[in-house]
Amino acid sequence: MKLIRTHGRGATNAATILAALEQRGRAALDSVLPAISRIVADVRRKGDRALLGYASKFDGFTGPDALRVTGEEASAAWDDTDPALRKAISTAAAQIRKFAQRQLPASWSKTTAQGLTTGQLVRPLGSVGCYVPSGRHPLPSTLLMTVIPAQVAGVERIVVVSPRPVKETLAAAHLLGITEFYRLGGAHAVAALAYGTESVRRVDKIVGPGNLYVTAAKRLVAFDCAIDMLAGPTEIVVTSERGRAEDIASDLVAQAEHDPEALAIFITTRSDLARQVIAEARARSRGNPVAQSSLNRNGLVILAGSTDEARQITNRIAPEHLTVDTAKDLDWVQSAGSVFIGRWSAQPLGDYISGPNHTLPTGGMARVRGGLSVNDFVKLITVQEYSGQAVREFGLHAELIAEAEGLIAHAEAIRTRLNRRPARD
């Protein structure tokens with residue numbers, strides 16, 4: 001891990017590094033877009049012919065009959081899973097479901113003035129595609145995190161795609177009752193979900209994390225099919241003045257092992273703690289080549305000049321995962337995907353069992369949105385109802401605004417109601 005100081009002789013270098021961090025993630029996507037564009041266009045134009053060809057090339061696909069996971073396969077995977085792991089998956093599912101149920105927005109209706117009622121309807125999306133990675137680290141937890149909020153929202157058709165799904169992922173699908181599961185991954189899977197083929201019907205929205213190629217494909221289809229977010233490599237920031245070096249380092253290493261491109265940052269004003277964390281992270285990443293590579297390439301310890309500066313830097317970075325010392329620190333947190341408080345709140349607990357979603361914004365997108373939630377699977381439909389009396393109270397104001405905008409027909413539509421006799425309300 002590299003130590004940088006925001007004050008003294010290191011200030012200029014630190015400013016350059018922080019400015020680059022705020023722009024992270026953009027160039028990488030651009031570099032793969034030409035190749036991904038060809039794959040997406042092929043699947044959109046040729047359907048199954050292209051899809052099955054890419055599945056054979058990239059997913060180890062053996063033939064059309066192997067494309068869809070059967071209920072019997074998922075059931076057998078559940079039966080073959082160790083009972084202790086089945087219990088763990090079931091516990092995680094229950095936690096995620098409870099949290100999503102608390103998040104679910106409600107329909108409401110309210111009379112805001114005499115004769116005027118406004119409100120909202122909450123309606124689920126018709127169909128969603130859940131992308132579950134199955135590369136270096138198969139992620140059955142991601143199946144839980146993407147499918148359960150959709151189920152809580154009431155989505156009727158939930159499709160899962162995952163290349164070479166492992167037994168544990170199939171077991172999780174069985175637990176949740178998933179009936180449409182395809183052995184597909186990469187850009188071709190995203191294209192199939194977005195545009196449909198003979199074998200895979202299109203969906204209304206695609207959610208879930210993936211590698212650079214999956215993210216690039218989601219960006220390409222986003223104008224034709226809704227997506228959740230463009231998620232990049234995992235990120236962790238720990239901002240602490242009183243944490244224990246072993247706790248901080250263990251979380252940094254844990255997130256770093258996801259990907260050689262993962263971003264792991266510790267921010268503090270304490271030089272003694274900074275050096276302890278560097279030494280501890282170095283020791284804990286030995287024997288873990290992915291974490292070691294990530295920390296060597298992207299690991300940072302930022303020594304700030306004051307706690308206020310440390311907090312400002314944290315919000316500028318807008319990290320996916322953030323650990324702080326106490327609940328009082330929440331007062332200054334403005335931009336983060338998910339926050340972990342205190343020494344006992346190991347970040348991997350949030351990856352699996354806490355309940356909040358682990359599909360979180362990266363690349364600074366925590367400045368403008370939070371993580372995946374039940375809200376990503378519903379539509380809010382607004383409603384308004386006027387009586388004649390309410391039109392007479394508000395209509396003239398609306399008519400004047402319409403005329404100021406030069407929209408004559410708008411004004412006339414309002415005036416038609418205003419000129420109607422009260423007896424016909």
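Let's start with how α4 and α7 cross. In this predicted model, helix α4, residues 71-80, packs against helix α7, residues 167-176. The angle is about 110°, and the axes lie 7 Å apart. Angles of 65 to 115 degrees count as roughly perpendicular. So α4 and α7 are roughly perpendicular to each other.

Who touches whom? From α4 we have A74, S75, A77, W78 and D80. They meet K167, L170, A171, H174 and L175 of α7. By class, this contact has six nonpolar residues, two polar and two charged.

Now stay on α4. Which of its residues are buried? They are A74, A77 and W78. Look down the axis of α4: these buried residues fall within an arc of 100°, so they line one face of the helix. What covers the buried residues of α4? The cover includes α7, and also α5, residues 83-103.

Turn to the other side of α4. There, E72, D79 and D80 are exposed.

Step back to the whole chain. We have 16 helices and 14 strands. There are 425 residues, and 48% of them are buried. The C-alpha trace spans about 85 × 60 × 45 Å along its principal axes.

Last, contacts along the sequence. Take those between residues at least 6 apart: 71% of them join residues at least 24 apart.

Conventions:
Residues numbered from 1 in each chain as written. Predicted model: local features only at pLDDT ≥ 70, side-chain atom pairs only at ≥ 80, totals over all residues. Heavy atoms only, no water. Axes fitted to C-alpha atoms, helices over the stretch in contact; angles between N-to-C directions. Helix = DSSP H or I, 4+ residues; strand = E, 2+ residues; numbered from the N terminus. Parallel < 35°, antiparallel > 145°, perpendicular 65-115°, else oblique. Contact = heavy atoms within 4.5 Å. Nonpolar A, V, L, I, M, F, W, Y, C, P; charged D, E, K, R; others polar. Buried < 20%, exposed > 50% of the residue type's maximum accessible area, 1.4 Å probe, protein only. Arc of directions from axis to C-beta.
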